[in-house]
Amino acid sequence: MRRGWCPTLFEPMQSGDGWLVRVKPPGGRLRPAQARALADAARRHGSGAIELTGRANVQVRGLSVASAARFAAEMVAAGLAHADPPVERRRNVMLAPLAPPALLDVAAALETALADAAFAGLHGKFGFAVGLPGADVCIGFDGGWRVWPDGAALAQPCADPVAAALALARSADGRRMREVAGFVGTLPLPALPLRRIGPIAGGYAVGLPFGATDAATLAQLAACGTLWMTPWRAIVIAPEPSPAAGGDWGARLPGLIHDPSDPRLSLVACPGRPFCASAHAATRADAVRLAGMLPGLAVHLSGCAKGCAHPAPAAVTLVGGADGYALVRHGRAGDPPAHSGLTLDQAAAMLTS
């Protein structure tokens with residue numbers, strides 16, 4: 001099992017259902033025309049299966065080596081990728097949905113700066129988050145700009161957040177920020193947006209069951225307005241002034257999560273079998289069953305010990321193996337389990353008790 005890298009638009013990854021690639025919408029947004037172009041290309045060049053990752057990237061599945069190259073060319077033409085593969089690899093900038101112009105400008109400036117060859121040595125997973133937590137370098141604003149590295153308890157005030165964020169990136173010297181010691185902040189971290197499903201100020205958030213949807217649904221969403229990608233596997237719709245915008249979202253967009261109490265929102269599941277060649281379990285089907293058995297319980301279901309869908313520790317992780325599920329408490333998928341060789345029903349009974 002190879003760890004430590006992620007597929008990009010120009011570096012496909014082979015899986016059980018073909019090759020997959022990732023699209024990183026600039027500024028975290030898909031304009032309606034871009035969303036339609038992505039949906040159409042995913043259908044023509046792949047299986048039409050689309051996923052939203054924990055980095056707010058759009059993952060397209062079921063490609064071939066030849067069709068992946070054609071798909072990449074169309075994404076560049078649609079303004080959704082940089083034409084230079086090394087630049088595209090390090091263009092990892094997440095942005096809070098419905099971000100105000102000041103945050104939009106910061107995210108755009110970061111993407112422009114990352115095209116410079118001076119940043120060619122950045123770790124392939126090194127990322128920035130603007131108005132959000134969860135990246136190597138985070139930027140927030142609460143009356144003043146704050147910048148902090150992953151894992152910090154305090155933030156550094158600054159006048160130029162782009163320069164401060166890039167300075168932290170340079171200090172990493174090709175490592176992830178959690179591997180870099182010596183940062184001392186001075187102020188509490190600023191308040192950041194909460195994960196929401198349903199109506200929010202300026203838009204509407206729909207959840208994707210386990211981060212998965214398809215080209216037809218994405219095309220439907222494109223008719224509603226600009227789509228903001230989030231790292232919590234939801235899409236925030238900023239309605240455009242058109243007859244198609246607003247209205248009865250639930251009736252018009254089936255297959256998405258509209259209820260913030262939906263038990264599937266508590267679960268994280270990788271594609272699992274048969275979509276991933278490394279998986280030992282049909283994790284998403286099992287996650288649906290588990291949501292019915294233990295509604296509201298937070299569980300990470302991983303088809304193998306790589307834990308791609310949730311690399312961080314979780315309170316409970318079920319890891320697929322040749323002999324059934326292993327149960328890991330307060331750890332990652334690759335950590336030693338408390339129990340192994342479990343059926344899903346046995347694991348659920350343990351978690352209930």
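Modeller: Phe141 has a relative accessibility of 45%, so Phe141 counts as partly exposed (buried is under 20% relative accessible area, exposed over 50%, partly exposed in between, with a 1.4 Å probe and protein chains only). Trp145, at a relative accessible area of 16%, is buried. The model is predicted, so local features need pLDDT of at least 70 and side-chain atom pairs count only at pLDDT 80 or more, while totals for chains, interfaces and linings use all residues. Residues are numbered from 1 along each chain as its sequence is written, and side-chain values use heavy atoms, with hydrogens and water left out.

Rings of Phe, Tyr and Trp (its six-membered ring) pair if their centres lie within 6.5 Å; planes under 30 degrees apart count as stacked, over 60 as edge-to-face and the rest as tilted. By this rule there are two aromatic pairs. Phe141 and Trp145 make an edge-to-face pair, with 4.9 Å from centre to centre and 65° between the planes.

Next comes helix H5, residues 161-172 (helices, H or I with at least four residues, and strands, E with at least two, are DSSP runs numbered from the N terminus). Its 12 residues should span 16 Å at 1.5 Å a residue, and the end C-alpha atoms lie 17 Å apart, which agrees (the expected span is 1.5 Å times one less than the number of residues). Buried residues in H5 are Pro161, Val162, Ala164, Ala165, Leu166, Leu168, Ala169 and Ala172. They pack against helix H4 (101-114) and against strands S7 (128-130), S8 (137-141), S9 (145-149) and S10 (154-158) (contact means heavy atoms within 4.5 Å). At the start of H5, a side-chain oxygen of Asp160 comes to within 3.2 Å of the backbone nitrogen of Val162. Just after H5, Asp173 has a positive phi of about 55°.

H4 has 14 residues and reaches 20 Å from first to last C-alpha, close to the 20 Å expected. In H4, Leu103, Leu104, Val106, Ala107, Leu110, Glu111, Ala113 and Leu114 are buried.

Gly321 has Gly324 in S20 as its bridge partner. S20 also pairs with S21 (339-342) in the antiparallel sense, over two bridges, and the partner of Leu327 in S21 is His339. Gln346 belongs to H9 and, at 40% relative accessibility, counts as partly exposed. Gln346 and Tyr325 are 21 residues apart in sequence, with 9.2 Å between their C-alpha atoms.

Another open sheet has five strands in the order S1-S2-S5-S4-S14, and its pairing is antiparallel. S1 (13-15) and S14 (212-214) stand at the edges, each with a single partner strand, so one side of each is without a neighbour in the sheet. Neighbouring strands here are turned by 35° against each other on average, direction ignored. S1 pairs with S2 (18-23) over three bridges, and Gly18 in S2 is the bridge partner of Ser15.

Glu51 lies in S4 (residues 49-52) and is buried, with a relative accessible area of 7%. The side chain of Glu51 makes polar contacts with those of Arg61, at 3.2 Å, and Arg284, at 3.0 Å (a polar contact is a pair of N or O atoms within 3.5 Å; within protein, one must be able to donate a hydrogen and the other to accept it, and residues adjacent in sequence count only if both atoms are side-chain atoms). Leaving out residues up to four places away in sequence, Glu51 touches Asn57, Val58, Gln59, Arg61, Gly211, Ala212, Pro271 and Arg284.

Technical notes
Two strands pair if DSSP finds at least two bridges between them. Axes are lines fitted to C-alpha atoms, for helices over the stretch in contact, and angles run from 0 to 180 degrees between N-to-C directions.
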